[in-house]
Amino acid sequence: MTGMTTETGDLRELTVGTGAGLVAGTGGRQLGTDMVLNIGPQHPSTHGVLRLKLVLDGERVVSAEPIVGYMHRGAEKLFEVRDYRQIIVLANRHDWLSAFANELGVVLAVERLMGLEVPERATWLRMALAELNRVLNHLMFLGSYPLEIGAITPVFYAFRERETLQAVMEEVSGGRIHYMFNRVGGLKEEVPAGWTVRARAAIGEVRRRMPDLDNLVRRNEIFMARTVGVGVLSAADAAAFGASGPVARASGLDLDLRRDDPYLAYDELDVPVVTKTAGDCHARFEVLLDQVYASLDLAEQCLDRVDRLTGPVNTRLPKVVKAPEGHTYAWTENPLGINGYYLVSRGEKTPWRLKLRTASYANVQALATLLPGCLVPDLIAILGSMFFVVGDIDK
């Protein structure tokens, strides 16, 4: 594309060229220049308030700079003036699609610092709910990602399955998005009578209907044309940026804390880790899709174990919980990747410091490597395939 100037009376029109630009016939002036384009901070394809500062050469991206901070809520500072029960309310909101998993990471850190032993029934219930939360997270992206690149129908199938599982989560916790069901020492309360039977029925229903969504998208010719070979993230780059979760496993990084550094009772389960090697948009989508089947199976195994266990689901604690002086680090395999919780206590009812290491923050950094060289239409496909939540970045 080249640059050209025309002048008519007081009007001067400049068509901005890119690349070498047009020199001939312009008096030796080079008019061609690269175009700087902002995607966001408010844009339908950015999953929230994220800004991408792009330099374009025509339709091709020359460089990309992800700019974050527009949605910053200062959660880490708010943690420091709230007690350990109040923190859970805030923690389940930074990644609003993974609320249960966020709560879980915080209480695991506090329990580790306090040396608390959690009842076995609570441990297995936590695992069942965490896996259901993982499926809910993935279904949101499995519906919204095709929507962003022009496929309208999949989101209806994805939300049908989400509603089936949301009903189960709502029954047990009272919440549909922010469950607030974890407590230091276990869970808020015992699950309703017959809940495991209804949860198992919901899992079976979702498992039977998942092929409707799978067959609609996975091998769809148009979807594959937009995603195969697009936005390739190598295993080396994924590791260099600290990427984790489905994004990293789609590039061949075989890492999953549930298997490699088990917490709760994951060491008693055979956790299937879904990996691909292509590292492109389609591989990232396939990892999410296959992970849904794996997590449904894991949730069912956990429910089977819960049915064989009796006893309490929480530990009696004083009204004011104080963690002893010291520090600890707990990390969990959240739906979008590894979340870390670094807790520093001075023996008070509030933490002196609680630092979050969130999956989305590390994954989004890779956009600076992924986007240069791609075309503008592919930019949306790549951005959506990184499966991030902006609250998890601007935490």
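# Reading a predicted chain

Buried residues make up 53% of the 395 residues in this chain. Buried means under 20% relative accessible area, exposed means over 50%, and partly exposed lies in between (1.4 Å probe, protein chains only).

User: What should I know before I start?

Analyst: This is a predicted model, where local features need pLDDT of at least 70, side-chain atom pairs count only at pLDDT 80 or more, and totals for chains, interfaces and linings use all residues. Residues are numbered from 1 along each chain as its sequence is written, and side-chain values use heavy atoms, with hydrogens and water left out.

User: How many helices and strands are in the chain?

Analyst: Helices (H or I, at least four residues) and strands (E, at least two) are DSSP runs, numbered from the N terminus. The chain has 15 helices and 10 strands.

User: What is a nonpolar core, and which residues have the most contacts inside the largest one?

Analyst: In soluble globular proteins, nonpolar side chains tend to be buried together. A nonpolar core is a set of buried Ala, Val, Leu, Ile, Met, Phe, Trp, Tyr and Cys residues joined through side-chain atoms within 4.5 Å. The largest one here has 113 residues, and L54, W195, L371 and L379 have the most contacts inside it. Helix α4 (residues 120-148) gives the most to this core, with 15 residues.

User: What does L379 touch?

Analyst: Contact means heavy atoms within 4.5 Å. Leaving out residues up to four places away in sequence, L379 touches I39, L52, L54, V61, L371 and C374. For the chain, take contacts with a separation of 6 or more: residues 24 or more positions apart account for 68% of them.

User: How do I read aromatic pairs?

Analyst: Rings of Phe, Tyr and Trp (its six-membered ring) pair if their centres lie within 6.5 Å; planes under 30 degrees apart count as stacked, over 60 as edge-to-face, and the rest as tilted. The count comes to 7 aromatic pairs. Take Y145 and F387: their ring centres are 5.9 Å apart and their planes stand at 85 degrees, so the pair is edge-to-face. Y145 is in helix α4, and F387 is in the loop between α14 (376-385) and α15 (390-393), 242 residues apart. Both Y145 and F387 are buried. One aromatic cluster is formed by F141, Y145, F223, F285 and F387.

User: Are Y329 and W331 a stacked or a tilted pair?

Analyst: Tilted, at 6.2 Å centre to centre and 55 degrees between the planes. Y329 is partly exposed, with a relative accessible area of 34%. W331 is partly exposed at 31% relative accessibility.

User: Which ring does the charged end of K395 sit over?

Analyst: A charge sits over a ring if NZ of Lys or CZ of Arg is within 6 Å of the ring centre and within 35 degrees of the ring normal. The charged end of K395 sits over the ring of Y361, 4.5 Å from its centre. R162 lies over the face of F159, at 5.4 Å from the ring centre.

User: Is E103 buried or exposed?

Analyst: E103 is buried, with a relative accessible area of 0%. E103 is found in helix α3 (residues 99-114).
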